[in-house]
Amino acid sequence: MKEGFIPKNDFHSIFFSDKAEECSKEIKSLFLNHLEYSLIKDTTTVKPWDVYYALALSLRDRLIESWLRTQYEYRKQDVKKVYYLSMEFLIGRLLGNSLINLDVYDESYDMLKEMGYSLEDITELEPDMGLGNGGLGRLAACFMDSLATQAYPAYGYGIRYEFGIFKQLIVQGYQVEEPDNWRKKGCPWEINRPEISYRVRFGGKVISEEQIDGRFNHRWVDTEDVMAVAWDIPVPGYKVDNVNNLRLWQATATDEFDFDYFNSGDYVKAVEKKNISENISKVLYPNDNVHLGRVLRLKQEYFFVSATLQDIFSQWKQDHDSFSELPDKVAIQLNDTHPALAIPEMLRILIDEERLSFEAAWEITRRCYSYTNHTILPEALEKWSVSLFEELLPRHLMLIYQINNLVLAEVTRLYPGNIIKMRNVSIIEESREKALRMAQLAIHGSHTVNGVAELHSRIIRERIFPDLYEMYPDKFQNKTNGITPRLWLHTCNPLLASLISEHIGNSWVRNLEFIKGIENYIDDADFRSTFFEIKQINKKALSKYIYRETGIRINANSLFDVQIKRLHEYKRQLLNVLGTIARYYRIKDNPNQDFVPRTVIFAGKAAPGYFLAKRLIKLINNLGEVINKDPAVRNLLKVVFLPNYTVSLAEKIIPAADLSEQISTAGYEASGTGNMKFALNGALTLGTLDGANVEMAEEIGAENMFIFGLTTQEVLDLKSNGYNPRSIYESDAELKRVVDSLIDGSFDDGEKDVFLPIWKSLVEEGDTYCHLADFRAFLNASIEVDKLYLQREEWVKKAIINIARMGKFSADRAIYEYAQDIWHIEPLILELH
């Protein structure tokens, strides 16, 4: 049968066959109705995309009844709810996970098979939602899945970006950014809610008038306004009736069209206001290296929290007459500092609109909010110039000054005359250009602050915010990140998931602690053999994908050495590159020596304004061009850079990986969740004692990983004693040869000095992230990897141990801890069917 074609009148004959009777009648009926009535397709015009869209709409319909009933019960029972505010939700594709969560995968598979379609092929048609970029957004997506699965009353809030961060192309080795128009053909999961819209204001001025009682009334006037319109995405849990909600805001103009300009013939001016307004939700993370980019970024952040707070208050006022109980019913989680403006926005609403005193409003606000810190990098701790706030958010600037005065008065009381403490805890940074520090605002305005790994939380307390920790010791907690096993094993690696469930049952899908049961099969030769076969199947599938996308043929029997993540110097893709160059030279210098064949796979995007990260992508691609074509290498080494890294691409790569590179400079990675995903799929970790690697080593056993390099304290000691990378460079002949290959023409393809900035960053500019200091340890650890890989049975045993001991690193465990220790919410398990 020709793909995409079903003979006339065959729809119903297919679905009344005996075999089809076993399928879900509801799914069939919904699917056929959507093909005909939603997509206006008959049997001669249906295409694979239509099949995807109709199936997605059918699943959405299945969700809606439960979704409505869930929201009704939350309101009826007046339960305490958590509102999760995040600028990113890196959801990826929803079809596969929704089929599994709704427990209709087999029915849908059979239904499409009867039509002549492969469900696997149909799921590949779905574009990744362009709502996030890195670990922050992926964590938010995992958390939404876990909240629903554990039946916690929860709402996610974010922005409905028209374009994702960008689509990454590789042109002559360079990253080229193109718009990621992920909604070009429509998104079946979204539900437009035009009746839910709120006015968001910018600019203007504040008029303050003293009242009879001595209090001031503040009116924010002469503003430029935009409208925030709600779009909802139902979020199902795994085999539960609860369906939570992710609400995304789209910016629209208050007036779509100016007839005066249109009638005068100025057609551009007639729609100018609409276009300017819609820019706010146009793209994820505008380039903030330029002033207009910073203005747009700040507008995005306030637009997002203003609409969200107005929505929360609108829901609250439907059933409550006062705000005194608000903290007992509402928990608001700030996912990093991007939503920190929600704190002064809540104050503004309570004081200016609801007429509460500042003291009462501040007490309510602090009891509602909690803040998760995701970074220790100074450049990632958001700061905004006071002058920009004066221009865009004058009322909020007044409120932040009022908060700061309260804070400084408390510091003066606790630490009289201590100017250093005042400077460190102040929200206002008295630098050359006075700035507002969002992390300080979030800490002062929240009842709880948490890091995302034990090491990270300790660094926050001891190095980043020691004075704030001393001031608020009870505020600080740790909540180690986790991942959802529904997506990151059950969905992305179905063969391995089936093997595990066949031996220990499928309880691990809901409670990852049960996966420890497979360790009982570590000495079972048949289990190990099947495990190895599944890994090879996954590697062959990835090999085909790599060839299709890049034209590079790789050896599926080689060791797949994988580093896939956002490009940043501290993540040290460059260290991996230096190690790969060293391996390349060793192979060439020793043609008669046996080497373990290795395929080094990179993927990741660099921020458009991040020069060195983008130049590193060029280096990786040039390195691949040289190595992959060198006959002297004899298929012993290949280098691959897979473009346009997304969640769906990670789902292809991770099940096929043998080795997971988690090699950030110790003390710089907050947690990482890629490390968890790889280990859960049976890859061994080559890593530093950084982020969650530390806890993984405790759970898995360092002997089942390849740990190397300086520790956090050793990095600090090295730098405090005057780190001199040039001396290491000059004293290690192999390292010098490798580093100099960046500038001697070995890999520049005729572009002289193209990699000189990278060379300078290592040798002349301090090697901030200690690549050279860890180079020798990295090479030695890589040799240990080779030795173990040659012992297939031992490698497989360690891979099984990695999977079995990953129970702690479930997002379900993390969410339970947030719910118990921070939000103080309880599950509300619904039985609707």
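Helices (H or I, at least four residues) and strands (E, at least two) are DSSP runs, numbered from the N terminus. The model is predicted: local features need pLDDT of at least 70, side-chain atom pairs count only at pLDDT 80 or more, and totals for chains, interfaces and linings use all residues. Residues are numbered from 1 along each chain as its sequence is written, and side-chain values use heavy atoms, with hydrogens and water left out.

**Exercise 1.** Determine whether Gln440 is buried or exposed, and state which residues it contacts.

*Solution.* 
Step 1. Gln440 belongs to helix α18 (residues 438-444).
Step 2. Buried means under 20% relative accessible area, exposed over 50%, and partly exposed in between (1.4 Å probe, protein chains only).
Step 3. The relative accessibility of Gln440 is 7%, so this residue counts as buried.
Step 4. Contact means heavy atoms within 4.5 Å. Apart from neighbours within four places in sequence, Gln440 touches Asn424, Val425, Ser426, Ile427, Phe465 and Leu468.

**Exercise 2.** Describe how β11 and β15 are joined.

*Solution.* 
Step 1. β11 (residues 369-372) and β15 (residues 448-451) run parallel and are joined by three bridges.
Step 2. Within this pairing, Ser370 stands opposite Thr448 in β15.

Note on methods
Two strands pair if DSSP finds at least two bridges between them.
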